[in-house]
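Have a viewer open as you read.

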Amino acid sequence: MRDHPLARRLLRGTTALVLAFLMAPMLAVVVLSFSPTELMVLPPRGVSLRWYEDFLTAGRWVLATRNSFVVAIATTLLATVLGTAAAIGLQLGRFRGKALLVTLLTLPLVTPYIVTAASMYFAYSLAGLAGSLAGLVLGHTVVAVPFVLMAVLATLQTFDANLLRAAASLGAPPWAAILRVVVPNIWPGIAAGAVFAFATSLDEFVITLFLAGPGQFTLPRQMYASVREFLTPTILAAATLLFLCSLIFLLASEALRLRSTRKTQP
Amino acid sequence: MMRRLLAPFVALALGLCAVPALARDLTIVAGGGALQDHMRRTLFATFPGGPVVDTAYDYNVGPIRAMVAAGNVTWDVVMVEAPDLVRGCEDGIFERIDWSVVDRGKFMPGGATTCGAGAIGWGVSVFYDEARHPNGPSNFVEFFDTARFPGRRSMRRGARMTLEIALMGDGVAPADVYKVLATPQGQQRAFAALDRLRPHVTFWTGGQQPIELVNSGEVAYAVGFVGRVANGIRAGARYNLRWSTLLYAYDSWAVVRGSPNAAQGMRLIEHITSPAPLLELTRLWPINPVTQAVAENPDVRARNPLMMSNHTAGGLEIDTEFWLEHGPDLEQRFASWLNR
Amino acid sequence: MRRTNWLAALLIAPLLLLILGSFLVPVGLTLFRAVADREVAVALPDTRAVLAGWDGQGLPPEVAFAAVARELAAVLEARRIGDVAQRMNFERTGLRTLLLRTARAGDRLRAPYAESLVALDARWGQRDAWLMLQRAGGPFTSLYLLRAMDFTRGPDGAVSQVAIEERLFQTLFLRTLWVSLLVTAICVLLAYPVAYTIARLRAPWSSVALTLVLIPFWSSVLVRTTAWFVLLQREGPVNGALVGLGLLDAPAQILGTRLAVVLALVHVLLPFAILPMHSVMTRLDATYLRAAASLGANGVQRFLRVWLPLSLPGVAAGGAMVFLLAVGMYTAPALVGGDRDQMVTWFIANFMTRDVNWGMAAALSAYLLAMSGAVIALTRILTGGTVQAGARA
């Protein structure tokens, strides 16, 4: 089954151009971050690590990195546990309205971020959570948890739920059944969800802008502030490091995907 | 099972919640930047009442309101703009200044209000690069005269200050600006003046932008913060700063309501507005203190020719009450104009 | 059976509670805030009660004058006057001065108040101020929802458009809609051939191409927006290249234009369009195409009659996802856009943190939410199924 040669050439050309468009800005940032001067020009006139040095020695960037990782780790833990539990529950239960429940739980994905952020700011202020790291973790968890839920639900599709029901009905304590039977079988899905959650939290900006306290800068927030105030290649060094993180996430998620497909297709 | 699984997270959440509740150092918040670095050394570090932590904010009062509403006050003393001070005082966002702790008599007229103690003045005025433009506009009528003074202009994106400038550019005397701007005809006139200038204007949103626009030559004449322009001049830039076009206002120190360190905060305000530490600060930075003894100190004035306090006589003080009343309306109208 | 359901409920409950408490209730509160009117009821309860019984003809009775004088002085003293002053001043500019002047006069006012208040400020002698106070008694108001669409209500309750020089939000919503639709259209048009080609490439090329989509997909939105901010600078690489190639005589102002906003948004959102299409297309059964070919269909027919209809759910899912994300995007327009490129999101943020007018922020959010809801509903109707919200998948 083949396309017309001319059509195929046209399609491949378009695809190459689009993929180049997608990759070029990021590659440019990586190259520019090694610029020896403040001038950001291509091609670069030399190579220097001074902006990385600046990143690692400037207190605010280090602090922002620390905040970002603290929040991302806490968010990942919370989202992974809650999301996995709920996904197993959804798979186990036999009741009506499951689809509605899933829609409800994944609603944060399709709600405009700015509305979510504004609403959280209103409500968390009343609850005393605005301006605290706890509030920030809660906010990030809300937008990260649907990814965990969906990743684990997808893996569970391939897992024989009868096995679990059997274990549960044979008198095995339910938590033992879940921990010994389910989790070992679906861990690639759980891990993939966790990677999603971590990446989402690390990337999150708008909710952070509203919910974070004045001193609580995360990497995206610090980048945004720096871009608006004073554009230096240090921002590009930060961007490159974040880009590196995203490559790691991609590798991890692909590895997990391969693992789970191999598992389900023996 | 659930309990065992959830226990670490409950503990984690509690741990995170508990952080702000811990006893903390007295916290003071200002606009940041190099000025705050100097304030830290001369004002905050010299406070005899104990350690002071300082942090920066962007003058948006939303977060302060949120923390007061939530009863989770993590800032004690804040530097605020005049309209935010007045509204915040009416709303009970700021504590009343304890004038038995802070000496009321040391401030310039208007520097001591119910909830605020005068901190420093700031202003905007026309400046340009003399190397590029030997003869630039010396007043707002000339700033609006694009035939005699061709080239791009830059002004702040927003109604406040821009509308006053537009009226003065249309020939209204500074003393009459707010009277005229309060009338529908006056507002019409201001926007009509802006209409004429619009093809030549680049609006800025951050204080560093006008400096960069003028440095790069993208803009010939800009209205920018005098403090930043003065620092540029001290660092060797050849700016002509037209003091006759000054619009200025004073920021104040206020104590956030419900601060557990309110009493200590009052003592800090008394310290950082007293002449001795402020005199030290004037050696490092050309500030515009509201403390009379320092603002009118002939030595300080002579030492800092670029100090705004030397030039306020010919300038226009921004009318706080006017902007509290007309701000929401005129800002929306400005946004509407900008988007047309 | 029942025991399993109990276990299931126990497992779902924590997440449900979290989403309920920290997402659904907050969003509900926002919707409520868009119509809530509590400032007058909280600050001036007696005045409100007296005015509730007023028929709106002539002037209210002396008790209303007395109540407003007493209560305004009291809330000024208690420092709670700011909210009600802002609420009334938003209804009509100038009412703030009226309320504050009256509050400050406090003790100097003497009975009969109907005379002393009018002597203090003639506006107390006109019906309009009283009508507006009466109408602000709550508990609900259409003020914010109307203003967020450039409408206003006169003292007599008649709805009209605001003066032409103050109209803003209709333009803003139309612009947000237009830019989002444009970006969605561009993304779909670019994504379709890419997804098609990748789906039909042989290994390992298909994996390589897919990775090149996944890399930007996984990278931070802010990193990518920042990249455009740097690249599009006047002295930046894009201008440098254009001038170097002789396409431009001098560096052009690209940053701060609509072009920059669309460029950055397309770049940020394109992977969200490609991936759902790709996942649908890889699952398309090639036997259909072979069957079509064996029935004598040529390439164009095969594509139009078989491939296109079968891949439409992916197009709908990708398009909807791009639109939903574009509508709520704050960073890109704020960073690379200019004076005429601000979107609704920018004003929501501004009303929240700068103006502290939560009613307006809530009303704008409500409309944005309605816009997204409409798109989701439309997609569901078009595809006859659920929108796969799998943004990162």
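At roughly what angle do the axes of helix H3 (residues 59–92) of chain A and helix H9 (residues 174–203) of chain A cross? They cross at roughly 140° and come within 8 Å; axes here are lines fitted to C-alpha atoms, for helices over the stretch in contact, and angles run from 0 to 180 degrees between N-to-C directions. That makes H3(A) oblique to H9(A), given that angles under 35 degrees count as roughly parallel, over 145 as roughly antiparallel, 65 to 115 as roughly perpendicular and the rest as oblique.

Before going further, some ground rules. This is a predicted model, where local features need pLDDT of at least 70, side-chain atom pairs count only at pLDDT 80 or more, and totals for chains, interfaces and linings use all residues. Residues are numbered from 1 along each chain as its sequence is written, while chains are lettered from A and ligands numbered from 1 in the order in which they are written.

Back to that helix pair. The crossing of H3(A) and H9(A) is right-handed (a crossing is left-handed if the near helix is turned anticlockwise from the far one by less than a right angle, and right-handed if clockwise). Residues in the contact include A:Ser68, A:Ala72 and A:Gly83 of H3(A), along with A:Ile178, A:Gly193 and A:Phe198 of H9(A); two residues are in contact if their C-beta atoms, placed from the backbone, lie within 7 Å. Sorted by class, this contact has 11 nonpolar, 8 polar and no charged residues. The classes go like this: Ala, Val, Leu, Ile, Met, Phe, Trp, Tyr, Cys and Pro are nonpolar, Asp, Glu, Lys and Arg are charged, and the others, Gly among them, are polar.

Chain A as a whole has 12 helices and 0 strands (DSSP runs numbered from the N terminus: H or I of at least four residues for helices, E of at least two for strands). Its C-alpha atoms fill a box of roughly 70 × 65 × 30 Å along the principal axes.

How many residues of chain A are in contact with chain C? There are 77, and they meet 77 residues of chain C. Helix H1 (residues 5–32) of chain A gives the most to chain A's side, with 14 residues. By class, that side has 60 nonpolar, 12 polar and 5 charged residues.

Chain C has 19 helices and 2 strands. Its radius of gyration is 29 Å, well over the 21 Å that the globule rule gives for 393 residues, so chain C is more spread out than a compact globule. (The radius is taken over C-alpha atoms, and the rule is 2.2 Å times the number of residues to the power 0.38.) The C-alpha trace of chain C spans about 95 × 75 × 35 Å along its principal axes.

| Chain | Domain 1 | Domain 2 | Distance between C-alpha centres |
|---|---|---|---|
| B | 24–121 + 249–309 | 123–248 + 315–338 | 27 Å |
| C | 39–140 | 169–383 | 51 Å |

In chain B, the domain contact takes 9 residues from domain 1 and 12 residues from domain 2. Helix H4 (residues 82–90) of chain B supplies the largest share of domain 1's side, 4 residues.

Chain B also has a helix pair: the axes of H2 (residues 33–44) and H12 (residues 275–284) come within 8 Å and cross at roughly 150°. That makes H2(B) roughly antiparallel to H12(B), and the crossing is right-handed.

Notes:
Domain bounds come from an automatic or database domain assignment.
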